[in-house]
Amino acid sequence: MNFEFTEEQLAVRDAARDFAQNELLTGVIERDEKQIFPAEQVKKMGELGFMGMMVDPKYNGGGMDSISYVLAMEEISKIDASCSVAMSVNNSLVCWGLEKYGTEEQKQKYLTRLASGEVIGAFCLSEPEAGSDATSQRTTAEDKGDYYLLNGTKNWITNGNSAEFYIVIAQTDPEKKHKGINALIVEKGMDGFVVGKKENKLGIRGSDTHSLMFTDVKVPKENRIGEDGFGFKFAMTTLNGGRIGIASQALGIASGAYELALNYSKERKAFGKEISQHQAIQFKLADMATSIEAARLLCLNAASLKDQGKDFVQAAAMAKLFASKTAMDVTVEAVQVHGGYGFVKEYHVERLMRDAKITQIYEGTSEIQKIVISRELLK
Ligand code: CAA
């Protein structure tokens, strides 16, 4: 792996950093507290090319590599993880799968609008009784000839209300188990599709997480992604790449909290000197910086393998496993370094600590990452 970034990659990182500092920081506390989806900010991210970063420019994408995606995700997540999850889902779970497996008509109709950020998408796999156990899909897509009749409920869907297009995973032929599952593109406004309750969450409170209900929704056959029965494989393959996005989000949450702790430790005085001059704080900063560097290298390694067209399944799962633990550990320590100030909202670290937890849960819990890694090891 080449550890030198290209000029283009550095320019993407700097653009993301400037955008996050100038456009996301203001209002982030209020958005978190009042659970306001950052619609305006996400629109702007689209204009800057962050919503379809790796998509071919002929479909309105940025034509960038996965390394640039990691760098941008880290910068945006340092400031607002609610924005970065909308970005990650749109890039990794919606645009990527559509570009790789969609038909030309699907790309023209859906991908071009998603990649430009004109609209955003959602990825609907989880159900009330199918979270980690994703093969146990209860949502059904009955084959009716020209269309599928979609019935069921999806839970914890990121961009649940703000999305325009939804990739919905559903069971067509239960006898074939995971080989009877399909991935369908559902449009908001299709008859029988209702956006349900918004979740009141611990973290990423600006992100709109909803349940979705489908009652006799007629989804045209041409909206199926891939061959009949490809839906589960589609979901798993898509999630492999998604894990690089969430690992980078976790990395950004950790590095954002670390930077705040470092700066604070140089300003705050106790026992006659800056607290950064106390070894108790220095040891914390050293541990935080070391874990963050390791997490960053794992994210970049997975992205680099993906960019080279090599197998990155294990690398992505390792990056997500380690970066999400780092996010949790580092944010807890960042609150500790801030003392009482860390426990109040104005100092941002308490929000980052709450945001960190979800990175150990979504796109596969830490336990799922260990399953993926160990299966690769034992292959
Ligand atoms: N990559 C590609 N294919 C994979 C795969 C992977 N990582 N993991 C499994 N598969 C394939 C297998 O090869 C198999 O296909 P074949 O039969 O053709 O060989 C098929 O999928 C079934 O595999 P298994 O028998 O291994 O399935 P399993 O039931 O034992 O479990 C699992 C697989 C890894 C546990 C899987 O269910 C899983 O990843 N669960 C977690 C789901 C998840 O991440 N949910 C997150 C929801 S999305 C989200 O969070 C978005 C958001 O809001 C931010």
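# Reasons behind the labels: ligand shell and selected residues

Analyst: In this predicted model, a polar backbone atom of Ser132 is 2.8 Å from a nitrogen atom of the ligand.

User: Which atoms of His178 and Lys179 face an oxygen atom of the ligand, and at what distance?

Analyst: For His178, an N or O atom of the side chain is 2.7 Å from a ligand oxygen. For Lys179, a polar side-chain atom lies 3.4 Å from an oxygen atom of the ligand. The cut-off is 3.5 Å, so both pairs qualify. Of the 1,100 Å² of accessible area that the ligand has on its own, the protein covers 76%.

User: How many residues surround the ligand, and which are the closest?

Analyst: The shell has 24 residues, and the closest are Ser132, Thr158, His178, Asn240 and Arg375. By class, eleven are nonpolar, eight polar and five charged. The space that the ligand takes is the largest pocket.

User: Which helices each supply at least two residues of that shell, and which element gives the largest share?

Analyst: The helices are α5 (81-101), α7 (231-267) and α11 (366-378). The largest share, six residues, is from α7.

User: Why is Asn60 called partly exposed?

Analyst: Its relative accessible area is 43%. Buried requires under 20% and exposed over 50%, so Asn60 at 43% is in between and counts as partly exposed. Asn60 is placed in the loop between α3 (39-47) and α4 (66-79), and its phi is near 75°, a positive value in a residue other than glycine.

User: Glu363 also has a positive phi. Why does Glu363 count as buried?

Analyst: The phi of Glu363 is near 50°, but the label rests on accessibility: the relative value is 11%. That is under the 20% limit, so Glu363 is buried. Its location is the loop between α10 (349-358) and α11.

User: How do you know that Lys379 is exposed?

Analyst: Lys379 has a relative accessibility of 75%. The limit for exposed is over 50%, so the label applies. Lys379 lies in the segment after α11, and a polar contact of 3.2 Å joins its side chain to that of Glu376.

User: Why is Ala141 called buried?

Analyst: Ala141 has a relative accessible area of 0%, which is under 20%, so the residue is buried. Ala141 is in strand β2, residues 140-143. Between Ala141 and Ala183 there are 9.2 Å in space, C-alpha to C-alpha, and the two are 42 residues apart in sequence.

User: Why does Asn182 count as buried, and which side chains does its side chain contact?

Analyst: Asn182 has 0% relative accessibility, and the limit is under 20%, so Asn182 is buried. Asn182 belongs to strand β5, residues 181-187. Its side chain makes a polar contact with the side chain of Thr172 at 2.8 Å and another with the side chain of Asp228 at 3.0 Å. Both distances are within 3.5 Å, so both pass the distance test for a polar contact.

Methods:
Residues numbered from 1 in each chain as written. Predicted model: local features only at pLDDT ≥ 70, side-chain atom pairs only at ≥ 80, totals over all residues. Heavy atoms only, no water. Near = heavy atom within 4 Å. Polar contact = N/O pair within 3.5 Å; in protein donor to acceptor, adjacent residues only side chain to side chain. Areas by Shrake-Rupley, 256 points an atom, 1.4 Å probe, with all protein chains shown as cover. 1 Å grid on protein atoms, 1.4 Å probe; cavity = no way out; pocket = protein on both sides within 12 Å on 5 of 7 lines; lining within 4 Å. Sits in = over half its atoms within 2 Å of the grid points. Helix = DSSP H or I, 4+ residues; strand = E, 2+ residues; numbered from the N terminus. Nonpolar A, V, L, I, M, F, W, Y, C, P; charged D, E, K, R; others polar. Buried < 20%, exposed > 50% of the residue type's maximum accessible area, 1.4 Å probe, protein only.
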